[in-house]
Amino acid sequence: MSIPTDLVNRYPWLPSLKVQYSEIADKQPSEFITDIFSRSNTKQISERVRLIFESAFNNLEDIPNPKGENLSIQVYLLLKILTYALNNKMITNRIANLYSKDAYSKMERDNSESDLYNICLDLDLEVKFYDPPIKYGNKMIKDHREKLETNFTIYYIDYLKLASNLRDDYRKLVHNSLQNGFVYIQNRNLMRLIQEYVRNKILTEETEDKASLKSFLDKAFKIQEFKELYDHILSIWAKKEDDFDFTFKFDITSKTDILKLFPPCVLEILKKAKEGQNLVHHERLFIVWFLLALDYPVEKVVDVFATLPDFDRDKTNYQVEYAKKKKYVPYQCSTLQSINLCMKEKYKDELCQDGYGSKELTERKKLKHPLSYIRIKQYRDEKLEEYLKNKAKREREDSQKQNE
Ligand code: SF4
């Protein structure tokens with residue numbers, strides 16, 4: 001079944017792009033680049049692509065100027081080529097997250113059940129469409145009962161395929177109404193699943209095949225405009241990359257970089273967040289409680305999640321505020337070990353592996369809590385600093401004596 005061409009123009013990640021625009025989609029990347037940069041609207045395409053990269057690097061949650069969508073097919077294909085060419089997992093994750101969030105916003109703005117249905121058909125999802133919507137249960141909100149209704153049900157296998165990387169509890173199959181193998185799904189939740197599909201379409205693994213990449217770049221760089229665009233993106237990334245060494249660099253001691261004091265289990269979660277990877281439920285809880293325990297400001301804790309694929313600022317802000325009010329205590333080491341979040345082996349961390357207290361391994365105390373890690377590291381750093389100061393002082397005094 002073919003879907004309206006207008007839908008492909010708006011949502012170029014749809015499989016029908018290959019059918020309806022085969023003359024563009026089937027081109028070799030270097031041919032496509034040559035073609036795109038010999039058009040009269042080259043400048044507009046480059047500007048749109050730059051804007052998307054800049055927005056992703058600035059952690060925006062939407063691509064500004066939604067009116068610039070008339071070039072969406074060229075922009076989408078160029079984005080895919082550039083993420084391949086740049087071959088940087090962090091950049092690709094950021095682009096995939098932003099572009100897919102934008103796809104969600106677009107579907108929400110369009111607010112068309114028939115378009116949503118056509119999108120599902122094109123993605124080969126087995127969905128049933130109900131007009132008028134069907135009722136399938138009730139939900140208690142505070143003390144009033146709200147009827148649940150939807151236009152869609154989706155076959156549970158397709159639901160699971162799309163939701164498998166989404167970590168929220170409420171997406172689990174057991175928390176959703178199911179009948180005859182079909183899951184009742186609210187329109188917004190269906191859009192969210194499609195957002196995840198779009199994100200996966202952009203995501204490409206960093207290529208190991210450096211020779212092919214080099215040969216592609218050699219050809220592509222002959223086109224001056226492409227080379228300029230590529231260089232521009234790399235230059236803004238180079239300026240931003242340092243900021244991403246955790247945007248939330250803060251100090252509790254004012255003289256020490258707190259990141260150097262963080263235990264491996266925390267560094268690992270921050271690294272994943274920095275790369276825009278999804279975090280499992282326990283990772284999210286732990287990092288929030290841990291940072292709040294160190295008096296991180298709420299907005300900084302929220303920023304940690306800004307790069308995640310399913311980030312929703314209002315929702316995250318509410319959850320972090322709630323956790324702060326409740327004063328939850330971060331998991332201790334034994335709990336983190338039992339849920340596979342302890343990273344002492346991976347990071348080969350001496351304090352985590354061997355404990356602390358005495359030179360004799362048999363007499364050493366075991367580390368019990370990630371917050372203790374910071375305290376001990378801080379203590380050791382202070383002692384080291386004191387030792388170095390005293391040593392320098394002694395050396396100065398000795399040399400003065402020798403000169404007398
Ligand atoms: S030993 Fe504790 S502090 Fe160290 S990585 Fe494991 S859980 Fe984290």
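Author: A helix is expected to span 1.5 Å times one less than its number of residues.

Reader: How many residues does helix 6 have, and what distance does helix 6 reach from its first C-alpha to its last?

Author: Helix 6 (residues 72-86) has 15 residues and reaches 21 Å between those two atoms, close to the 21 Å expected. Helix 6 is followed by N87, whose phi is positive, near 50 degrees.

Reader: Is helix 6 mostly covered or mostly exposed?

Author: Burial is read by counting neighbours: a residue is buried if 20 or more other C-beta atoms lie within 10 Å of its own, and exposed if 12 or fewer do. Helix 6 is mostly covered, with 11 of its 15 residues buried. The buried residues include V75, L78, L79 and I81, and also Q74, K80 and T83. In the protein as a whole, 28% of the 404 residues count as buried.

Reader: Which residues have the most contacts inside the largest nonpolar core?

Author: A nonpolar core is read as a connected set of buried nonpolar side chains. The largest one has 52 residues, and V49, I52, L78, L79, I95 and Y99 have the most contacts inside it. Leaving aside residues up to four places away in sequence, L78 touches I36, I45 and V49. Apart from this core lies another, of 27 residues, among them I287, V302, C342 and Y373.

Reader: Which residues surround the ligand?

Author: The ligand is surrounded by P263, P264, C265, C333, L336, C342, M343, K344, C352, L367, P370 and Y373. Helix 13 (264-274), helix 17 (333-338) and helix 20 (370-403) are the elements that give two or more residues to this shell. By class, the shell holds 11 nonpolar residues, one charged residue and no polar ones.

Reader: Against which elements do the buried residues of helix 13 pack?

Author: In helix 13, P264, C265, V266, I269 and A273 are buried. The buried residues of this helix pack against helix 14 (281-293), helix 15 (298-304), helix 17, helix 18 (344-347), helix 19 (350-354) and helix 20. Helix 13 is followed by G276, with a positive phi near 80 degrees.

Reader: Which peptide bond is cis?

Author: Omega is the angle to consult. The bond from D131 to P132 is cis, with omega near 5 degrees, and P132 is found in strand 1 (residues 127-141).

Reader: Where is D295, a residue with positive phi that is not a glycine?

Author: D295 has a phi of about 70 degrees and sits in the loop between helix 14 and helix 15. K348, in the loop between helix 18 and helix 19, has a positive phi near 45 degrees.

Reader: Why does K348 count as exposed?

Author: K348 counts as exposed because it has 10 C-beta neighbours inside 10 Å. D295 is likewise exposed, because 9 other C-beta atoms lie within 10 Å.

Reader: Over which residues does pLDDT stay under 50?

Author: Where pLDDT is low, the predicted coordinates should not be read in detail. Here pLDDT stays under 50 over residues 245-255, for which the model has 19 contacts beyond four places in sequence. The protein averages a pLDDT of 85, and 89% of the residues score at least 70.

Notes
Residues numbered from 1 in each chain as written. Near = placed C-beta within 6 Å. Helix = DSSP H or I, 4+ residues; strand = E, 2+ residues; numbered from the N terminus. Nonpolar A, V, L, I, M, F, W, Y, C, P; charged D, E, K, R; others polar. pLDDT = per-residue confidence, 0-100. Contact = placed C-beta atoms within 7 Å. Core = buried A, V, L, I, M, F, W, Y, C linked by C-beta atoms within 7 Å.
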